[in-house]
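Please find below a colleague's note on the structure shown here.

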Amino acid sequence: MSGQAPDRTNDPGNAALLRQRALSRWDNEGGAGSDGPQTEPDQPSGPIPMPANDAAEVAALHVRMIALENLVIALLATASERQIRQAHEMARAILPRPGATPHPLTTHASAHMTSLIERAVRFSNIPP
């Protein structure tokens with residue numbers, strides 16, 4: 001024996017615990033409670049000022065986005081039909097509610113999600 005503790009990352013019980021810990025940190029990010037993130041009363045409710053990004057930072061973000069999109073396509077290509085339907089439902093869910101003014105970024109995001117799903121289906125055995 002080497003004296004090291006056994007690796008428990010593949011243990012299903014431990015994986016569930018690790019996932020729960022990660023999700024609880026995510027849920028609590030920014031002081032979120034059971035009813036969502038809380039804002040400080042003295043903080044402005046307007047847009048948060050963002051520092052300007054130089055061309056290198058924007059290019060790095062672009063590369064990361066391309067990598068993430070391709071990773072999502074690869075994962076969706078192995079998804080079940082039920083998961084593909086859920087992804088389509090999510091894309092439809094971010095469209096504006098009936099009677100609401102459509103925001104171009106929201107509409108574009110929904111169309112882009114649908115495009116990613118359709119690209120993934122081309123690599124899978126799931127009928128379109």
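1. Leu68 is located in helix 2, which spans residues 55-77. Together with Met65, Leu71 and Leu75, Leu68 forms a nonpolar patch on the surface. The accessible area of these four residues together is about 410 Å².

2. The model is predicted, and its confidence should be read element by element. Helix 2 has the highest mean pLDDT among the elements of the protein chain, 94. The lowest mean, 63, belongs to helix 1 (residues 12-28). For the protein chain, the average pLDDT is 76, and 66% of the residues score at least 70.

3. Residues 27-33 call for a separate remark. Over this stretch pLDDT stays under 50. The model has six contacts beyond four places in sequence for residues 27-33.

4. Glu69 also belongs to helix 2. Is Glu69 buried or exposed? Glu69 counts as buried, because its relative accessibility is 18%, and the cut-off for buried is under 20%. Neighbours within four places in sequence aside, Glu69 is in contact with His112 and Leu116. Glu69 and Met113 are 44 residues apart in sequence, yet their C-alpha atoms are 9.6 Å apart in space.

5. The largest nonpolar core consists of nine residues: Ile73, Leu76, Ala79, Ile84, Ala87, Leu116, Ile117, Ala120 and Val121. Two or more residues of this core come from each of helix 2, helix 3 (81-93) and helix 4 (104-122). Helix 4 supplies the largest share, four residues.

6. Ile73 is one of the residues of this core. Setting aside neighbours within four places in sequence, Ile73 is in contact with Leu116, Arg119, Ala120 and Phe123.

7. As to the overall architecture, the protein chain contains four helices and zero strands, and the pattern along the sequence is α-α-α-α. Where contacts join residues at least 6 apart in sequence, 50% of them link residues at least 24 apart.

8. The protein chain has 128 residues, of which 13% are buried. Its accessible surface amounts to about 11000 Å². Carbon and sulfur atoms account for 59% of that surface.

Conventions
Residues numbered from 1 in each chain as written. Predicted model: local features only at pLDDT ≥ 70, side-chain atom pairs only at ≥ 80, totals over all residues. Heavy atoms only, no water. Patch = residues over 30% accessible without salt bridge, like charges linked within 9 Å, V, L, I, M, F, W, Y side chains within 5 Å. Areas by Shrake-Rupley, 256 points an atom, 1.4 Å probe, with all protein chains shown as cover. Salt bridge = Lys/Arg side-chain N within 4 Å of Asp/Glu carboxyl O. Core = buried A, V, L, I, M, F, W, Y, C linked by side-chain atoms within 4.5 Å. Buried < 20%, exposed > 50% of the residue type's maximum accessible area, 1.4 Å probe, protein only. Contact = heavy atoms within 4.5 Å. pLDDT = per-residue confidence, 0-100.
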